[in-house]
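These are my notebook entries on one structure, set down in the order in which I looked things up. The sequence and the model come before the entries.

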Amino acid sequence: MLGIYADLPWSYAAGAGIALAAAHQLRGARRGAAATEASAAEPVPGRAPRVAGATGGRHFALAMAYSVLIFVPTSLFVAAAHPQWATLQQTAHLSHGALTALAAGEVALTAAGFLITRGLLVAGRIRWAACQVILANLLMCLAVVHGPDGDGWKRFLSTDRAGYRAFPPFLNVGDLGAIAGHVADFLTSGLAAALYVTGALALGSLGLIMCVLHQFGLTDAGADGPGPLRAALVAGFTGGGAAVVAVLTSALVDGLGWVALAAVVPVLWVAVVARGAFAAVVAADLALPAEQDA
């Protein structure tokens with residue numbers, strides 16, 4: 001949907017997001033598996049998978065079904081039909097082998113995202129589980145905004161190499177009109193129409209899956225959490241924040257080179273990853289299980 005560079009982190013984020021949405025169920029599953037016969041009659045928080053183990057659970061199967069049946073086909077359709085755009089004008093043709101490797105990579109990353117996040121949830125590392133989704137979204141935004149050479153957004157808004165070469169330069173305010181015209185041409189192109197359809201299918205189905213799992217988890221755990229609309233707003237705010245950070249990071253790298261990451265990484269740690277930072281706020285807003293919950 002967003003091109004190869006962005007679809008790979010999207011795959012990981014999708015698997016991680018499905019696991020995070022099922023946080024209460026997966027935490028409850030571990031408790032249920034660890035329960036002895038004496039305590040088996042006690043109510044277990046969360047709805048546990050019917051088959052023990054992450055790779056046998058129905059939530060993992062759901063994540064894989066999303067990847068194989070929805071995400072990979074839509075991603076391959078766009079990549080095969082528009083290889084120049086999908087590779088940010090790096091390649092004019094994608095062979096069957098390259099498409100097969102792309103599909104395998106996306107499936108593997110979805111599985112990795114789910115299993116790593118599931119493992120963190122089971123261990124009670126809720127904040128780190130949320131970071132799997134947040135940081136994967138940031139990588140996806142960086143792939144679109146910065147790309148391989150800092151011109152990612154120009155490449156993204158150009159349907160092919162010819163369009164990218166014709167992208168109007170920004171030398172003064174008067175060039176904004178020409179750039180707006182180029183963007184308008186892209187947004188009304190056949191490629192954009194394909195992206196609207198595939199994006200709505202991939203993002204809409206993922207949002208529905210995560211919403212249903214999250215709401216079921218809150219109900220089963222007896223937790224007082226946000227409704228679907230507020231949860232969607234949290235997700236939208238997280239995605240929008242990732243896009244803003246990607247733009248700022250790209251600008252710093254353009255101005256200072258990759259050494260700028262030496263300043264960006266500590267800031268991200270304090271703002272997103274550290275205890276009490278953004279990841280912890282997201283977990284609290286979504287009423288996910290408590291950190292290191294016994």
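This is a predicted model: local features need pLDDT of at least 70, side-chain atom pairs count only at pLDDT 80 or more; totals for chains, interfaces and linings use all residues.

**Entry 1**

Residues are numbered from 1 along each chain as its sequence is written, and side-chain values use heavy atoms, with hydrogens and water left out.

I placed Trp128 in helix 6, residues 126-145. Helices here are DSSP runs of H or I with at least four residues, strands are runs of E with at least two, and both are numbered from the N terminus. Together with Trp269 and Val270, Trp128 forms a nonpolar surface patch with about 320 Å² of accessible area. Patches take residues with over 30% relative accessible area and no salt bridge, joining like charges within 9 Å and nonpolar side chains (Val, Leu, Ile, Met, Phe, Trp, Tyr) within 5 Å. Accessible areas come from the Shrake-Rupley method with a 1.4 Å probe, and for residues only the protein chains shown count as cover.

**Entry 2: the chain as a whole**

I recorded 13 helices and zero strands in the protein chain. Of its 294 residues, 45% are buried. The accessible surface of the chain comes to about 14000 Å², and carbon and sulfur atoms account for 70% of that. Among contacts (heavy atoms within 4.5 Å) between residues at least 6 apart in sequence, 72% join residues at least 24 apart.

**Entry 3: helices 11 and 12**

I examined helix 11 (residues 228-256) and helix 12 (residues 261-273), which pack at an angle of about 155 degrees with their axes 10 Å apart. Helix 11 is therefore roughly antiparallel to helix 12. Angles under 35 degrees count as roughly parallel, over 145 as roughly antiparallel, 65 to 115 as roughly perpendicular, and the rest as oblique. Helix 11 contributes Val245, Thr249, Leu252 and Val253 to the contact, and helix 12 contributes Leu261, Val264 and Leu268.

**Entry 4: salt bridges**

How many salt bridges does a search of the whole structure find? I noted two, a salt bridge being a side-chain nitrogen of Lys or Arg within 4 Å of a carboxyl oxygen of Asp or Glu.

In one, Arg155 pairs with Asp149, and their closest N and O atoms are 2.6 Å apart. Arg155 is buried at 8% relative accessibility, whereas Asp149 is partly exposed at 39%.

In the other, Asp285 pairs with Arg230, with the closest N and O atoms 3.8 Å apart. Asp285 lies in helix 13 (residues 278-285) and Arg230 in helix 11, so this pair ties together parts that are 55 residues apart in sequence. Asp285 is partly exposed at 29% relative accessibility, and Arg230 is partly exposed at 46%.

**Entry 5: positive phi values**

I checked Leu88, a residue other than glycine, and found a positive phi near 55 degrees. Leu88 sits in the loop between helix 4 (83-86) and helix 5 (96-122) and is buried, with a relative accessible area of 4%.

Gln89, also not a glycine, has a positive phi of about 65 degrees. I located Gln89 in the loop between helix 4 and helix 5; Gln89 is buried, with a relative accessible area of 6%.

Notes: Axes are lines fitted to C-alpha atoms, for helices over the stretch in contact, and angles run from 0 to 180 degrees between N-to-C directions. Buried means under 20% relative accessible area, exposed over 50%, partly exposed in between (1.4 Å probe, protein chains only).
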